[in-house]
Amino acid sequence: MTKRHFNVLFLCTGNSARSIMAEAILNQKGQPNFTGYSAGSQPAGRVHPEALKQIRAAHMPAEGLRSKGLDEFTRADAPKIHFVFTVCDRAAAEVCPMWPGHPLIARWGVPDPAAVIGAPEQIERAFFEAFTILDRRITLFLSLPLATLEREVIQSEIDRIGRL
């Protein structure tokens, strides 16, 4: 892989929390060599307010973030995707669509903070923990020397990152 710019798609079911936070993190930390996108297999149609709160607390822009469906990234005019990371903790049960250009795909399951029921502090903590996991994984991903590694090595490394 010798490209200098990579498009990364984060997938989840609702595209309201984890994948949105991952998109924001990558777009902040990965510029100018990476562009992050997110989508959901069954988009919620809104971004969870706690996800936006975590993004803003990290001093990252939240403007323009929205819940999107997979169809936006399977059309002919969609950006070419180089990496797909599924961030749902139940993603193993979902079928990942075939992507044009054969991007590298890895499962980076993160517990769903939007599913947490409890006191506001518990919900905020769940979102903070999910954000922290995603931030660590994305930071590790960005540290990979992609231009000098073979495709199989990159696949192995992104799989390893998802298990951390």
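This is a predicted model: local features need pLDDT of at least 70, side-chain atom pairs count only at pLDDT 80 or more; totals for chains, interfaces and linings use all residues.
Let's start inside the sheet: Phe 10 has Ser 38 of strand E2 as its bridge partner.

Strand E1 itself covers residues 6–12, and seven of its seven residues are buried, so the strand is largely enclosed by the rest of the structure. Which way do its side chains point? Phe 6, Val 8, Phe 10 and Cys 12 go one way, while Asn 7, Leu 9 and Leu 11 go the other, and all are buried. "Buried" here is a cut-off of under 20% relative accessible area.

Zooming out, the chain holds four helices and four strands, and from the N terminus on they come in the order β-α-β-α-β-β-α-α. The radius of gyration is 15 Å, close to the 15 Å that the globule rule gives for 164 residues, so the chain is as compact as a globular protein of that length.

Here are some whole-chain numbers:

| Property of the chain | Value |
|---|---|
| Accessible surface | about 8,400 Å² |
| Distance between the centres of the positive and negative sets | 2 Å |

Of that surface, 55% belongs to carbon and sulfur atoms. As for burial, 46% of the 164 residues count as buried. How much of the contact set links residues 24 or more positions apart? Among contacts with a separation of 6 or more, such pairs account for 70%. On the charge side, there are 19 positive and 17 negative side chains.

Definitions and conventions. Residues are numbered from 1 along each chain as its sequence is written. Side-chain values use heavy atoms; hydrogens and water are left out. Helices (H or I, at least four residues) and strands (E, at least two) are DSSP runs, numbered from the N terminus. The radius of gyration is taken over C-alpha atoms; the globule rule is 2.2 Å times the number of residues to the power 0.38. Buried means under 20% relative accessible area, exposed over 50%, partly exposed in between (1.4 Å probe, protein chains only). Contact means heavy atoms within 4.5 Å. Accessible areas come from the Shrake-Rupley method with a 1.4 Å probe; for residues, only the protein chains shown count as cover. Lys and Arg count as positive and Asp and Glu as negative; His and the chain ends are not counted. The place of a charge is taken as NZ of Lys, CZ of Arg, CG of Asp or CD of Glu. Two strands pair if DSSP finds at least two bridges between them.
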